[in-house]
Amino acid sequence: MPETVKRQFSVYLPVELIRRVKHASVDADESLSSFVERVLEDYLRPGSGQ
């Protein structure tokens, strides 16, 4: 399967939210990038109730 091309994307977030996201990625045993990608994909998935 071909690998998806990825690009850096900078956003500004509150310091406390950054801390929580970093801890959540460690707890999930995922890289920060993989964790954020998965969470955003889940949130944006049709039918997710959002």
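**Entry 1: the loop**

I started with Asp29, which sits in the loop between helix 1 and helix 2. I took helices as DSSP runs of H or I with at least four residues, numbered from the N terminus. The model is predicted, so I kept local features at pLDDT of at least 70 and side-chain atom pairs at pLDDT 80 or more, with totals for chains, interfaces and linings over all residues. Residues are numbered from 1 along each chain as its sequence is written, and side-chain values use heavy atoms, without hydrogens and water.

I looked up phi of Asp29 and found a value near 55°, positive in a residue other than glycine. Asp29 is exposed, at a relative accessible area of 72%. My cut-offs were under 20% for buried, over 50% for exposed and partly exposed in between, with a 1.4 Å probe and protein chains only.

**Entry 2: the helix pair**

I next took helix 1 (residues 15-27) and helix 2 (residues 32-44), whose axes come within 9 Å and cross at roughly 100°. I therefore call the two helices roughly perpendicular to each other (65 to 115 degrees). Helix 1 contributes Val21, Lys22, Ala24 and Ser25 to the contact, and helix 2 contributes Leu32, Phe35 and Val36; contact is heavy atoms within 4.5 Å. By class I noted 5 nonpolar, 1 polar and 1 charged residues in this contact. Asp, Glu, Lys and Arg are classed as charged, Ala, Val, Leu, Ile, Met, Phe, Trp, Tyr, Cys and Pro as nonpolar, and the others, Gly among them, as polar.

**Entry 3: the largest pocket**

I read a volume of about 860 Å³ for the largest pocket. A pocket here is an open set of points on a 1 Å grid where a 1.4 Å probe fits, with protein on both sides within 12 Å along at least five of seven lines; lining residues have an atom within 4 Å of a point. The lining has 21 residues, and Phe9, Ser33, Val36, Glu37 and Leu40 are the closest to the pocket centre. Helix 2 gives the largest share of the lining, 8 residues. I sorted the lining into 12 nonpolar, 4 polar and 5 charged residues.

I found Arg38 in helix 2, partly exposed at 35% relative accessible area. Beyond its neighbours within four places in sequence, Arg38 is in contact with Ala28 and Glu30. From Arg38 to Phe9, 29 residues apart along the chain, the C-alpha separation is 15 Å.

Lys6 lies in the segment before helix 1 and is exposed, at 59%. I put Lys6 and Tyr43 at 19 Å, C-alpha to C-alpha, and 37 residues apart in sequence.

Key. Axes fitted to C-alpha atoms, helices over the stretch in contact; angles between N-to-C directions. Parallel < 35°, antiparallel > 145°, perpendicular 65-115°, else oblique. Points joined across faces, edges and corners; volume = space filled by probe spheres on them.
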